[in-house]
Amino acid sequence: MTSENVLRAARYPFLPEAREFISRNIDLTLESLEKTGSEAALKRAVERVENALIFKEVKVTVLDELNYVREILSFPIAVILVSMTMNEYVRRMYALGESRGAYRRMLNESDETLLYIGEKMGVEGVLDDESMIRVKIPTYLKLAYSFHAPHWKLVNRAVSNGYVLMGRNEYARLVQVEINNYVYEKTLEPVPMGAAPDSFRRAVGKIVEVWSKLEAAKPSHISLRERGDTPPCIDRIIKKMENGENASHFERLVVATFMIARNRSIDEIIEFFSKQPDYKYSVTKYQVEHLAGLRGGGKKYSVPSCRTMLTNGLCYPDEYCKGIKHPLRYGEENAANKPRVS
Ligand code: SF4
């Protein structure tokens, strides 16, 4: 592997070449990790997760890159540690932090490297003569669905011969989504606690401690189990609105689209919104009908994805969120374990 490739692997340790580097040079079994001088990598792995929890972004400095063995190894170790926490919020924040950090770094890459990373992550892009990147429509739709800004809607995009055209930054955003998905899926792989070395268990304890401190600083958590099919993120907003607290525009959109998706009538939704301090019947009716697709172009708005909720600081996952990407799928993947509400 060339030195350039090794540095790239250190900067983007989820790429196949990073895995290849590890499989060629390092024994990644849990038993051997402790013996092979992985202390520095373990420390850096904890730092990766802390970066994600505290700053919502995993930072990689030039010095980190130069320390490439430690850097490459720290990623799979961080994934193991996150998996060991068995904490859904830590999982999601870690995936978000890694993908956000990678996004920022990708913006500084050459077109060639950016397209290379995209291709390796399954987001193939083709650079055209006008320096636009072309992405196949199905790939675009799969990744852009979580973006709510109007310019991401396919109807608002330049499309040519089955490809969507975009600039570098937008392409990097799509790749970021796939990096997020990849890292999150990795953290779902179970790690037997018993097999983990003591140093790993201590590291997990440190991460949980950081998470607990951050949790304690948040507004008090409300137990949501009795609500059955309503995911915790949305239940929090509902509780807040029921108490007459002012919800943000985005929170209102989330609740309204959720109620529409659950076939609540327009009148019921308007009634629910009537507790808002700035409530006006005509405005609320117009907005709810608009979201339900009964006005304007007839477009029905969907509930934001889990990723969008997370980036807006509104994700408060519990164990029934495990593996889901959309609040309407809450409990579905884990239906067997789902509590029944009588
Ligand atoms: S449904 Fe999704 S957004 Fe809501 S709490 Fe669960 S994981 Fe977070």
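Here are some worked exercises on helix packing and aromatic pairs in this predicted model.

**Exercise 1. Work out how α4 and α11 are oriented relative to each other, and which residues meet.**

Step 1: get the geometry. Helix α4 covers residues 39-55 and helix α11 covers residues 198-216; their axes come within 10 Å and cross at roughly 15 degrees.

Step 2: classify the angle. Angles under 35 degrees count as roughly parallel, so α4 is roughly parallel to α11. The hand of this crossing is right-handed.

Step 3: list the contacts. On the α4 side you'll find Leu42, Val46, Val49, Glu50, Leu53 and Ile54. Facing them from α11 are Ser199, Phe200, Ala203, Lys206, Ile207, Val210, Trp211 and Leu214.

Step 4: sort them by class. The α4 contact with α11 has 11 nonpolar residues, one polar and two charged.

**Exercise 2. Now do the orientation and contacts of α4 with α7.**

Step 1: α7 spans residues 88-107, and its axis comes within 8 Å of the α4 axis, with a crossing of roughly 95 degrees.

Step 2: the range 65 to 115 degrees counts as roughly perpendicular, so that's the label for α4 and α7.

Step 3: α4 brings Arg48, Val49, Ala52 and Leu53 to the contact, while α7 brings Val90, Met93, Tyr94, Gly97 and Glu98.

Step 4: by class, that gives six nonpolar, one polar and two charged residues.

Step 5: look back at the α11 list.

**Exercise 3. Find how many aromatic pairs the structure has, then classify Phe14 with Phe75.**

Step 1: searching the whole structure turns up six aromatic pairs.

Step 2: the Phe14 and Phe75 ring centres are 6.4 Å apart, with planes at 75 degrees; that makes the pair edge-to-face, because planes over 60 degrees apart get that label.

Step 3: Phe14 sits in the loop between α1 and α2, and Phe75 in helix α6, so the pair ties together parts 61 residues apart in sequence.

Step 4: check burial. Phe14 is buried at a relative accessible area of 1%, and Phe75 is buried at 5%.

**Exercise 4. Classify the ring pair of Tyr140 and Trp152.**

Step 1: the ring centres of Tyr140 and Trp152 are 6.3 Å apart and the planes are at 25 degrees, so this pair is stacked.

Step 2: Tyr140 belongs to helix α9 and Trp152 to the loop between α9 and β3, so the pair links parts 12 residues apart in sequence.

Step 3: Tyr140 and Trp152 are both buried.

Notes
Residues are numbered from 1 along each chain as its sequence is written. This is a predicted model: local features need pLDDT of at least 70, side-chain atom pairs count only at pLDDT 80 or more; totals for chains, interfaces and linings use all residues. Side-chain values use heavy atoms; hydrogens and water are left out. Axes are lines fitted to C-alpha atoms, for helices over the stretch in contact, and angles run from 0 to 180 degrees between N-to-C directions. Helices (H or I, at least four residues) and strands (E, at least two) are DSSP runs, numbered from the N terminus. Angles under 35 degrees count as roughly parallel, over 145 as roughly antiparallel, 65 to 115 as roughly perpendicular and the rest as oblique. A crossing is left-handed if the near helix is turned anticlockwise from the far one by less than a right angle, and right-handed if clockwise. Contact means heavy atoms within 4.5 Å. Ala, Val, Leu, Ile, Met, Phe, Trp, Tyr, Cys and Pro count as nonpolar, Asp, Glu, Lys and Arg as charged, and the others, Gly among them, as polar. Rings of Phe, Tyr and Trp (its six-membered ring) pair if their centres lie within 6.5 Å; planes under 30 degrees apart count as stacked, over 60 as edge-to-face and the rest as tilted. Buried means under 20% relative accessible area, exposed over 50%, partly exposed in between (1.4 Å probe, protein chains only).
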